[in-house]
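Hi,

Here is the structure I promised to pass on to you. Have a look at it first, and then read my notes below.

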Number of protein chains: 4
Amino acid sequence: MTHTLTLTCAGRPGIVAAYSGALFAHGQTIDEFDQHEDPGTGRLFMRVAFHAVGGDAAMTAGSLSTALRELGVQFGARWSLNDGRTKRRVVLMVSKFDHCLADLLYRWRLGELPMTPVAIVSNHPCSPTIAGLLGDIPYHHLPVTRDTRAAQEDRLRALLSMLACDLVVLARYMQVLSDQLAHELTGRCINIHHSFLPSFKGARPYHQAQARGVKLIGATAHYVTGDLDEGPIIEQDVERISHADSPDDLIRKGRDVERRVLSRAVRYHLTDRVLLDGVRTVVFPD
Amino acid sequence: MTHTLTLTCAGRPGIVAAYSGALFAHGQTIDEFDQHEDPGTGRLFMRVAFHAVGGDAAMTAGSLSTALRELGVQFGARWSLNDGRTKRRVVLMVSKFDHCLADLLYRWRLGELPMTPVAIVSNHPCSPTIAGLLGDIPYHHLPVTRDTRAAQEDRLRALLSMLACDLVVLARYMQVLSDQLAHELTGRCINIHHSFLPSFKGARPYHQAQARGVKLIGATAHYVTGDLDEGPIIEQDVERISHADSPDDLIRKGRDVERRVLSRAVRYHLTDRVLLDGVRTVVFPD
Amino acid sequence: MTHTLTLTCAGRPGIVAAYSGALFAHGQTIDEFDQHEDPGTGRLFMRVAFHAVGGDAAMTAGSLSTALRELGVQFGARWSLNDGRTKRRVVLMVSKFDHCLADLLYRWRLGELPMTPVAIVSNHPCSPTIAGLLGDIPYHHLPVTRDTRAAQEDRLRALLSMLACDLVVLARYMQVLSDQLAHELTGRCINIHHSFLPSFKGARPYHQAQARGVKLIGATAHYVTGDLDEGPIIEQDVERISHADSPDDLIRKGRDVERRVLSRAVRYHLTDRVLLDGVRTVVFPD
Amino acid sequence: MTHTLTLTCAGRPGIVAAYSGALFAHGQTIDEFDQHEDPGTGRLFMRVAFHAVGGDAAMTAGSLSTALRELGVQFGARWSLNDGRTKRRVVLMVSKFDHCLADLLYRWRLGELPMTPVAIVSNHPCSPTIAGLLGDIPYHHLPVTRDTRAAQEDRLRALLSMLACDLVVLARYMQVLSDQLAHELTGRCINIHHSFLPSFKGARPYHQAQARGVKLIGATAHYVTGDLDEGPIIEQDVERISHADSPDDLIRKGRDVERRVLSRAVRYHLTDRVLLDGVRTVVFPD
């Protein structure tokens with residue numbers, strides 16, 4: 001069983017030595033080690049995957065946790081330890097276009113995404129296609145109109161709380177979250193925007209792209225913040241297009257890059273590879 | 001010898017038949033045939049590469065030209081015929097960073113770019129590196145300050161006119177052309193902007209990209225218009241970056257994508273593969 | 001309604017003129033025109049998409065067909081006309097790994113693939129995941145052992161015949177077809193091989209790739225011929241890997257590129273964009 | 001001044017702790033830390049970039065070296081320490097096609113490649129183009145025929161020895177080195193092969209690619225071994241092609257990918273990012 005430690009603190013000499021020393025002293029061996037220091041702010045970002053020498057039995061969980069807590073205090077670090085057994089509880093939200101949802105569920109079934117999908121939430125009723133994808137996952141229809149947005153968000157907030165949700169994925173959910181809810185979900189709500197941000201923010205980005213005559217379209221997965229389409233970017237990719245592509249062609253080509261980008265971002269998040277650095281992210285890719 | 005006909009007109013049935021019929025009637029055989037109709041405006045864009053059956057001797061240039069002129073009138077077409085012998089006369093402009101200039105000259109020497117470079121123009125004196133690249137191409141130093149911009153442009157305009165320049169390539173020339181000059185050079189001045197437009201217009205795009213935390217950087221080759229960084233896009237490409245890249249790393253990685261994008265755009269232009277469609281381009285790639 | 005004409009014949013002057021003239025004379029207007037002449041063999045390959053001026057009613061199908069037949073005789077052409085109404089009848093074959101099958105069915109439901117799936121055929125019983133994807137499509141379990149291969153192929157052949165199957169897609173079907181059946185299906189059986197052919201033919205290509213230490217893995221969609229993994233290539237793509245990727249990681253990364261490559265190849269085939277040129281293909285991409 | 005430590009040894013718990021502890025104890029702080037353990041062989045590969053806290057003056061070079069020597073013995077490690085001041089002495093070899101050589105020299109002038117080019121060696125006389133690139137770098141013409149190969153290699157071997165050459169780059173040098181010389185240069189001779197290995201080994205790979213009808217061409221930079229085109233791969237990349245590309249087009253498109261791949265591989269080698277793992281490499285990219 002692999003454990004993953006992630007931390008961020010003010011950079012200073014000796015941090016790698018302190019942590020790798022503590023892990024070794026508590027019978028652990030390191031599988032992957034990544035670190036990054038932001039040259040502007042001097043913040044250090046670290047991710048260590050490790051496992052107990054001689055198998056899990058040797059994992060002296062209590063005393064290692066104590067050691068990590070002491071190091072956390074010493075270095076003023078924000079840190080977390082993922083024990084590799086508890087999967088994150090994820091709510092997937094969708095509107096009409098279900099290609100990202102279908103892709104995430106398919107990858108989850110194949111074992112690519114270590115998560116427990118606890119609910120699908122949509123502002124639309126369940127379509128036959130989505131119904132075929134659900135399996136045992138409950139589907140919650142939370143309709144919304146311009147007038148009922150606040151009430152719908154209250155129902156959503158209650159649901160997320162009741163489900164002990166660790167991560168919300170907006171898989172082409174086309175409603176804008178309120179600043180308040182976006183704030184509450186800081187660092188645990190991922191959205192896919194169907195453009196290469198910061199180009200083509202807002203509505204109908206493929207039409208904007210076609211009108212501007214760009215030669216590549218893209219997709220951006222980012223954490224949601226109160227600033228629409230301005231949250232920290234986790235992953236981006238592009239696809240080549242030409243003058244011959246209609247907006248419908250762009251939508252078709254875009255589906256592929258949206259699926260690819262969102263699934264990578266969710267996978268990076270679920271495997272503790274994304275650390276927040278202000279308005280940016282540090283991503284240690286697999 | 002391959003001739004290239006490019007044309008644009010209002011789309012209507014029979015255009016392909018008329019032109020291919022005329023070419024056949026005048027002893028020509030078609031090598032490449034490309035067409036596109038803009039679904040919004042109904043404008044037709046066409047490119048035909050052809051050569052005389054039985055070799056150039058059979059090219060009855062006069063009567064074919066007459067036929068093309070008549071067809072042009074019939075269809076209300078703007079068209080041009082490139083006889084494949086006359087190379088375009090190109091002025092390359094540069095400021096301090098010479099990687100795009102060096103790349104263009106190297107590709108020209110290898111035969112990738114069918115052009116005659118008639119001058120290098122810079123607002124800086126000739127560096128030893130650039131001197132080593134020049135061969136017989138004259139170098140014109142046109143210094144400029146905030147106060148002498150208009151006068152410098154007059155000198156530039158006179159030079160372009162004197163050299164019978166067909167195409168200006170701004171190969172990291174860091175001065176903004178006046179609206180007036182940009183207008184005069186419509187469709188025959190290509191600029192490379194070191195971002196994936198429309199993201200990060202204006203100055204220091206790599207620093208903007210680093211601050212925003214994007215995961216790809218790009219470059220855009222476009223025709224220059226009075227609207228800075230808003231001209232019709234010819235070619236774009238991107239390169240993957242990460243949190244670990246400093247602005248200097250982005251500049252290094254960006255040089256590669258800038259060179260690739262600019263040289264492709266210039267090549268497309270020189271081989272009559274780019275047609276203007278309002279604020280966009282139709283590019284028939286090779 | 002768009003009709004598509006594809007043809008191949010010995011190249012000679014006047015072919016474009018003859019066909020575009022005939023189409024115009026029969027009230028058609030051209031949407032897309034692609035041609036290619038193989039410089040080695042002089043064979044011409046052509047694809048014309050067109051529609052009747054003033055709508056389908058004006059399609060004088062009978063007399064246009066006569067004209068095309070006459071032209072076909074005149075130029076010694078192999079040609080076909082796809083009227084855009086009749087969708088090809090497709091049999092999808094699969095073994096254990098169903099990611100390509102799931103992807104094709106999902107894209108078909110979204111309208112990306114103009115086909116009628118008439119059967120799923122597998123040498124394994126139907127899994128719950130596949131069952132969820134089937135909808136009304138019948139599933140045929142044709143088990144096979146080393147000893148029953150010929151008999152199983154007879155059942156398969158009978159099924160394809162009974163279903164009037166136009167195209168067979170081997171969507172990770174892991175049994176090798178006999179030379180005889182491969183020959184019978186020339187030009188209408190597409191396979192996905194999970195390597196960048198001609199590298200890593202045969203079994204377990206991801207393990208071969210990992211052992212050789214390549215830095216990119218790929219996938220290849222090709223027409224099936226008697227020569228295993230040697231058929232004409234329709235589409236290929238690659239994905240970057242590193243020393244840190246285990247064979248299991250390669251399999252995961254490979255699934256993405258396999259799905260992308262196979263779905264593109266099938267789409268190209270279904271939209272008459274692939275023409276056979278001996279052991280190679282001419283692909284006019286969309 | 002950044003120092004770089006690279007090492008490989010049998011993997012076991014405590015190695016990261018031991019090295020990071022020693023660096024901290026000797027006044028160093030870590031800039032980058034990479035490790036990889038080969039799951040098949042259990043070999044550990046490590047790269048640490050670090051600098052002295054408080055500047056170079058604090059670098060207690062002697063005692064740190066002693067500590068590293070002791071650790072090397074303790075863990076049975078092969079290791080090396082690059083002090084970031086001494087640039088590697090590089091011999092660049094070329095035949096007729098000089099695009100890779102020109103690119104490497106241009107990047108070196110821009111500061112992208114931390115090396116000292118001590119000689120250009122060719123089996124052809126110096127062309128005017130190459131002469132323009134040389135600057136102060138001596139050019140050695142070592143002609144070779146089928147009969148004089150051994151003698152030419154003796155001259156080459158003597159030259160490499162006299163120049164204290166650390167790295168040989170075969171920048172489209174079209175002569176095959178003898179097994180003996182390849183063996184002597186193990187791990188310090190990089191070749192660029194103009195195909196996506198293991199496809200299209202041997203001569204004229206672009207013609208092979210065109211004949212096979214692949215849809216992407218590639219290039220491979222690898223260490224030279226006695227096995228022609230079988231050495232450990234450092235870097236690869238591809239470029240999309242189509243049926244319309246002649247072998248000459250492939251050669252033109254290939255130049256770009258060759259330049260990109262070779263310059264990346266040389267940069268990785270010069271910055272101690274490539275470690276040999278049998279017939280494969282571990283590359284810690286920048």
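In this predicted model, 19 residues from chain A and 19 residues from chain C take part in the contact between them, where contact means heavy atoms within 4.5 Å. Together the two chains bury about 1,700 Å², with 41% of it on carbon and sulfur atoms; buried area is the accessible area (1.4 Å probe) that two parts lose on being put together, summed over both. Tyr106(A), Arg252(A) and Arg259(A) supply 30% of the area that chain A buries against chain C, more than any other three residues.

There are eight salt bridges between chain A and chain C (a side-chain nitrogen of Lys or Arg within 4 Å of a carboxyl oxygen of Asp or Glu). One of them to look up joins Asp103(A) to Arg259(C), with the closest N and O atoms 3.1 Å apart. Which parts of chain A each supply at least two residues of the side that touches chain C? They are helix 3 (99-110) and helix 8 (247-270), and helix 8 of chain A gives the largest share, eight residues. Helices (H or I, at least four residues) and strands (E, at least two) are DSSP runs, numbered from the N terminus.

Next, chains A and B. Chain A can be laid on chain B by a turn of 180° and a shift of 0.0 Å along the axis, with an RMSD of 0.0 Å (least squares on the C-alpha atoms of residues with pLDDT of at least 70 in both). The two copies are therefore related as by a two-fold rotation axis. In chain A, the C-alpha nearest the axis belongs to Ser199(A), 2.5 Å from it.

After helix 7 of chain B comes Gly213(B), whose phi is positive, near 80°.

A note on conventions: residues are numbered from 1 along each chain as its sequence is written, and chains are lettered from A and ligands numbered from 1 in the order in which they are written. Local features need pLDDT of at least 70, side-chain atom pairs count only at pLDDT 80 or more, and totals for chains, interfaces and linings use all residues, while side-chain values use heavy atoms, with hydrogens and water left out.

Best wishes
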